[in-house]
Amino acid sequence: GSTIGILGGGQLGRMLSVAASRLGYKTCIFEPAGDCPASHVANFHLKAGYDDAEALARFAEATDVITYEFENIPTDALDILERHRPIRPGREALRVSQDRLVEKDWLADLGLTPAPYADVPDRAALDDALARIGTPAILKTRRFGYDGKGQARIDSPGDADEALGSMNGAPAVLEGFVAFQREISVIAARGLDGAVACYDPGENLHEGGILRRTTVPAAIPHALATDAVLLAARILGALDYVGVMGIELFVTDSGLVVNEIAPRVHNSGHWTQNGATIDQFEQHIRAVAGLPLGDGSRHGDIEMENLIGDYSDALPGILADPAAALHLYGKAEARPGRKMGHVNRRR
Ligand code: ATP
Ligand code: MG
Ligand code: MG
């Protein structure tokens with residue numbers, strides 16, 4: 001049998017491992033943390049840091065193909081891994097998605113519409129950017145942000161100093177605040193043979209920068225859902241992508257604005273575990289293993305709710321609800337803002 005290597009041992013790596021296991025693969029995760037969600041289910045856990053060249057080479061050689069659950073993998077580590085085994089999705093998807101500025105330039109070059117944005121290397125550039133884009137706006141670190149971390153809202157030019165200070169010197173981009181009607185995402189997959197399959201767009205509700213709920217289908221006209229899926233297919237094709245990608249979109253009066261892309265399985269695609277025959281995790285494993293993509297058509301209307309922080313009060317109700325499927329990540333400590341699990345509910 002073959003072994004799938006997974007970089008990252010969080011909940012996404014855990015659910016990828018489960019899906020791989022169901023298809024008869026073994027999994028090996030590469031993760032510096034000892035006790036992590038994926039370590040409970042993967043066959044092998046290589047516990048080492050991304051600066052450990054010898055461990056990276058050993059990991060690669062223990063696998064047949066390498067994939068990942070997060071996009072911020074250091075370039076040097078990727079260079080080492082790629083000498084030994086294929087990395088799927090490929091390097092171009094990582095290059096584009098690791099840096100918000102590169103990503104927005106790339107999307108704009110493809111003819112898509114990102115939020116209005118400007119590079120903010122220093123204070124003077126922030127003043128220029130605010131003069132051009134206006135307020136409200138959001139300053140974001142170019143790299144390493146997730147769950148709304150590394151972001152500061154600027155409601156008036158007087159907020160500029162504090163916002164820039166909160167970046168701790170990291171290079172940033174300024175984004176105009178998009179007055180969206182709703183947020184949606186497309187979970188799209190592309191196989192090694194170039195076939196593309198997309199799940200129906202879901203509608204996302206964020207609270208404090210963290211995804212709270214995804215409702216499927218999104219309450220949008222059919223033509224807009226088609227636009228979203230075609231846009232997704234263009235992105236995957238342009239990257240010669242292999243695997244599942246999450247594409248976050250704003251629905252605005254003047255059409256679809258691309259918020260960001262994630263070259264991996266995506267939180268807003270967790271509903272597929274109980275709403276489609278082939279969920280996003282199996283779809284991703286199929287793609288990176290070179291198998292044909294599966295059928296992602298939706299069985300019914302469904303809602304995914306994240307369990308964030310201490311969810312113990314909600315647990316009895318979830319367990320008693322015949323429409324609810326519970327997914328927990330095995331994290332010991334329920335810190336505030338931490339994703340502990342999710343529940344998929346038939347609507
Ligand atoms: P993740 O990668 O976990 O999705 P992130 O840290 O990359 O999160 P973003 O997707 O950039 O964060 O932003 C989080 C949420 O904040 C968005 O889903 C949206 O609700 C809001 N937001 C971000 N940028 C804008 C914008 N330019 N206009 C309006 N809302 C925004
Ligand atoms: Mg992001
Ligand atoms: Mg996001």
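Predicted model: local features only at pLDDT ≥ 70, side-chain atom pairs only at ≥ 80, totals over all residues.
Close-up 1. Residues are numbered from 1 along each chain as its sequence is written, while chains are lettered from A and ligands numbered from 1 in the order in which they are written. Helix H10 spans residues 280-289 and is mostly covered, with nine of its 10 residues buried (20 or more other C-beta atoms, placed from the backbone, within 10 Å of the residue's own; helices are DSSP runs of H or I of at least four residues and strands are E runs of at least two, numbered from the N terminus). Among the buried residues of H10 are Phe 281, His 284 and Arg 286.

**Close-up 2. The cover over H10.** Strands S1 (3-7), S4 (65-68), S9 (182-190) and S13 (243-252) are included in what covers the buried residues of H10, as are helices H1 (11-22) and H9 (272-275), where contact requires C-beta atoms, placed from the backbone, within 7 Å.

**Close-up 3. The surroundings of ligand 1.** Ligand 1 is surrounded by 16 residues, of which Ala 115, Tyr 146, Glu 175, Val 178 and His 206 are the closest (a residue is near if its C-beta atom, placed from the backbone, lies within 6 Å). Because domain 2 (116-176) and domain 3 (182-346) both give residues to this shell, ligand 1 lies between them, the domain bounds coming from an automatic or database domain assignment.

Technical notes. Buried ≥ 20, exposed ≤ 12 C-beta atoms within 10 Å, placed from the backbone. Contact = placed C-beta atoms within 7 Å.
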